[in-house]
Amino acid sequence: MNICVFLSAADLDARYTGPARDFARLLGKGGHTLVWGGSDTGLMKVVADGVHEAGGRLCGVSVEFLAAKARTGVDEMVVAKDLAERKRLLLEKADAVVVMVGGTGTLDEATDILELKKHGHTEKPVVLLNTEGFYDGLKEQFRRMEDEGFLPRPLTDLVFFAEEPVGAMAYLEESLGTE
């Protein structure tokens with residue numbers, strides 16, 4: 001399957017890079033394709049390296065103003081004109097989405113796919129990999145949105161929170177019938 005991973009391009013410490021690398025290895029060993037922002041820096045590089053080393057394919061979608069940071073030697077690389085086109089292409093190429101730790105760009109990408117799911121415009125499985133409790137606050141906010149009637153669908157229909165990489169991959173494989 002083609003798994004889109006939204007994540008940071010920042011250099012992060014081992015508490016984040018270790019689980020990201022573990023997920024990348026699972027993705028690659030499963031024969032899956034990583035669909036990601038295409039950068040060869042920070043956590044994006046860690047995941048791309050892990051997938052590549054484990055035998056998976058790499059499909060990057062960079063953006064013009066970041067093209068100089070794009071990874072070379074990948075199976076496929078597309079350069080979008082802007083961030084909106086990049087998000088659209090990432091989602092078009094993906095069978096499923098995993099959101100790892102990241103900043104405002106990652107949060108934007110995560111809420112975009114959840115908004116599409118909320119309105120029934122996609123049924124792709126979405127996993128938030130809650131490494132080190134990074135998304136605990138967001139999880140609580142989503143629960144409040146659900147409890148107070150802001151979500152027309154149950155939260156469990158929109159997103160799965162995984163605490164560990166193996167749980168994230170198991171959920172995706174079960175959701176898409178590839179186990």
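Select helix α1 (residues 14–29), which lies across β1, β2, β5 (96–99) and β6 and runs at about 165° to β1. Axes here are lines fitted to C-alpha atoms, for helices over the stretch in contact, with angles from 0 to 180 degrees between N-to-C directions, and contact denotes heavy atoms within 4.5 Å. Helices (H or I, at least four residues) and strands (E, at least two) are DSSP runs numbered from the N terminus.

The model is predicted: local features need pLDDT of at least 70, side-chain atom pairs count only at pLDDT 80 or more, and totals for chains, interfaces and linings use all residues. Residues are numbered from 1 along each chain as its sequence is written, and side-chain values use heavy atoms, with hydrogens and water left out.

Next, display the sheet. It is an open sheet of seven strands in the order β4-β3-β2-β1-β5-β6-β7, with parallel pairing; two strands pair if DSSP finds at least two bridges between them. Because β4 (76–80) and β7 (160–162) stand at the edges with a single partner strand each, one side of each has no neighbour in the sheet. From one strand to the next, the twist averages 20°.

Now select strand β2 (residues 33–36). Thr33 and Val35 point one way from β2, while Leu34 and Trp36 point the other way, and all are buried (buried is under 20% relative accessible area, exposed over 50%, partly exposed in between, with a 1.4 Å probe and protein chains only). Strand β1 (residues 2–6) pairs with β2 in the parallel sense over three bridges, and isoleucine 3 stands opposite leucine 34. The chain passes from β1 through α1 to β2 in a right-handed β-α-β crossover. A crossover is right-handed if, with the strands pointing away from the viewer, the path from the first strand over the helix to the second runs clockwise.

Threonine 33 stands opposite arginine 57 here. Together with helix α2 (residues 42–53), β2 and β3 make a right-handed β-α-β unit. Further along the sheet, five bridges join β3 to β4 in parallel, with valine 61 opposite valine 78.

The crossing is right-handed, a term for the near helix being turned clockwise from the far one by less than a right angle, left-handed being anticlockwise. Among the residues making the contact are Phe23 and Leu26 of α1 and Ala168 and Met169 of α7. The contact residues divide into nine nonpolar, no polar and one charged (Ala, Val, Leu, Ile, Met, Phe, Trp, Tyr, Cys and Pro count as nonpolar, Asp, Glu, Lys and Arg as charged, the others, Gly among them, as polar). As for the sheet, α7 lies across β1, β5, β6 and β7, running at about 180° to β6.

Within α7, centre on alanine 168, which is buried with a relative accessible area of 0%. Leaving aside neighbours within four places in sequence, alanine 168 is in contact with Phe23, Val127, Leu129 and Ala162.

Finally, select glutamate 132 in the loop between β6 (126–129) and α5 (136–147). Glutamate 132 has a positive phi of about 55° although it is not a glycine, and counts as exposed at 56% relative accessibility.
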